[in-house]
Amino acid sequence: MRVTLIHNATAGDGEHTREWVEGLLGGRHDARYLSMDDDDWRAGLAEPADLVVVAGGDGTVASVVTALAGRTTPAAVVPLGSANNIARTLGVADVDPAWLARADQGVRRPFDIGRVTSSLGEAPFVESLGGGVFADLLHRAEADPHDPDGEEKRERGLRLLRDAIAEAPSLRWGLTLDGRDLSDDLLAVQVMNIREIGPNLPLAADADPGDGLLDVVVVRPEHRGALRALVDAAAERRVVASSLPVARGRRLEARLPAGCRVHADDDPWPTADALERDAPASIALGPARLEVLVPPEAATARSRSAGAR
């Protein structure tokens, strides 16, 4: 196989070298290496390849997946970040990445790309789009002068998230999902394409990034305690089920409230500032998508999980 390797050497603890990434292929494939530090890495993805391997954290994976959307070349993920929420949803977070030496035996899975469209602009998202608590978390992290790596980064995220939950105001959201009215006074709205957000918080445990559906999580004022409980469980590495309400659908029409911040994946949108006025927005998946390649054991586990729902 012709394999393009794209690598973020600073992801996670930053201890994974180019040689280590190249060695995952076991010398069995024709490999070409790209670094995320290269300004022209997107141009490098245009070169013919049978597979693109993304070695990095969620931000790296989201950037590459967005760049590949609409192409026939599949992507495979080597999780190197502190959260690895995309890899966890795909079932590859704990799989030995040396499986890539037998990538020709991998299983293709569809992967949707979300998009928000508004008078404020447009933006794609791979993980989630939302406003309120989690957008405020990003703002707090950007304002924090300390920029940790690895496990310390995760611990800081949990600390800042507790603060954001405690101080989150309740704002009036206008929400219509496939004709269903979900409007309410809310602390946050998260439109999920994957299962987890931030420091591994399982907001949408049944989310499947290939099913063509959005998982819309609404956080009301009375859910403040339930959200804190998820944070506490994540801090203790406990797996708990979320009690937050989730609605599934194909298109969300939203009126984003004045005073809230909004984010698309790890980036503030449309700016880092809170909105000065209410703004309508339309959120949906597609039309561009791609395929991801996973090892057979991950594909089997995912199929069992889907069958249990």
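**Reading strands, cores and charge pairs**

User: Which residue in β4 is the bridge partner of Ala55?

Analyst: This is a predicted model. In it, Ala55 has Val78 of β4 as its bridge partner. Strands β3 (residues 51–56) and β4 run parallel and are joined by 5 bridges.

User: Are the faces of β4 covered or open?

Analyst: Check each side of the strand in turn. On one side of β4, Ala75, Val77 and Pro79 are buried, and on the other Ala76 and Val78 are buried too, so both faces are covered, buried meaning under 20% relative accessible area. For the strand as a whole (residues 75–79), 5 of 5 residues are buried.

User: How many residues does the largest nonpolar core have, and which have the most contacts inside it?

Analyst: In soluble globular proteins, nonpolar side chains tend to be buried together. Here the largest such core has 27 residues, and Ile6, Val64, Ile86, Leu90 and Phe111 have the most contacts inside it. Helix α3 gives the largest share, 5 residues.

User: Which residues is Leu90 in contact with, leaving aside neighbours within four places in sequence?

Analyst: Leu90 is in contact with Val77, Phe111, Val292, Val294 and Ala298. There is also a second, separate core of 26 residues, with Cys260, Ala264, Trp269 and Ala281 among them.

User: How many salt bridges does a search of the whole structure find?

Analyst: Side chains of opposite charge can pair when their charged atoms come close. The search finds 18 salt bridges. One of these joins Asp50 and Arg2, with the closest N and O atoms 3.3 Å apart. That pair links distant parts of the chain, as Asp50 is in the loop between α2 (41–44) and β3 while Arg2 is in strand β1 (residues 2–7), 48 residues apart.

User: Which side chain meets Arg88 in a salt bridge?

Analyst: Glu196 does, at 2.5 Å from N to O. Arg88 is partly exposed, at 36% relative accessible area, whereas Glu196 is buried, at 12%.

User: What is the nearest side chain of opposite charge to Glu127, which has no salt bridge?

Analyst: A charged residue need not be paired. For Glu127, which is buried, that nearest side chain is Lys153, 10 Å away. Glu127 sits in the loop between β6 (121–125) and β7 (128–132). Beyond residues up to four places away in sequence, Glu127 touches several residues, including Asp58, Asn85, Ile86, Met192 and Asp265.

Definitions and conventions:
Residues are numbered from 1 along each chain as its sequence is written. This is a predicted model: local features need pLDDT of at least 70, side-chain atom pairs count only at pLDDT 80 or more; totals for chains, interfaces and linings use all residues. Side-chain values use heavy atoms; hydrogens and water are left out. Buried means under 20% relative accessible area, exposed over 50%, partly exposed in between (1.4 Å probe, protein chains only). Helices (H or I, at least four residues) and strands (E, at least two) are DSSP runs, numbered from the N terminus. Two strands pair if DSSP finds at least two bridges between them. A nonpolar core is a set of buried Ala, Val, Leu, Ile, Met, Phe, Trp, Tyr and Cys residues joined through side-chain atoms within 4.5 Å. Contact means heavy atoms within 4.5 Å. Lys and Arg count as positive and Asp and Glu as negative; His and the chain ends are not counted. A salt bridge is a side-chain nitrogen of Lys or Arg within 4 Å of a carboxyl oxygen of Asp or Glu.
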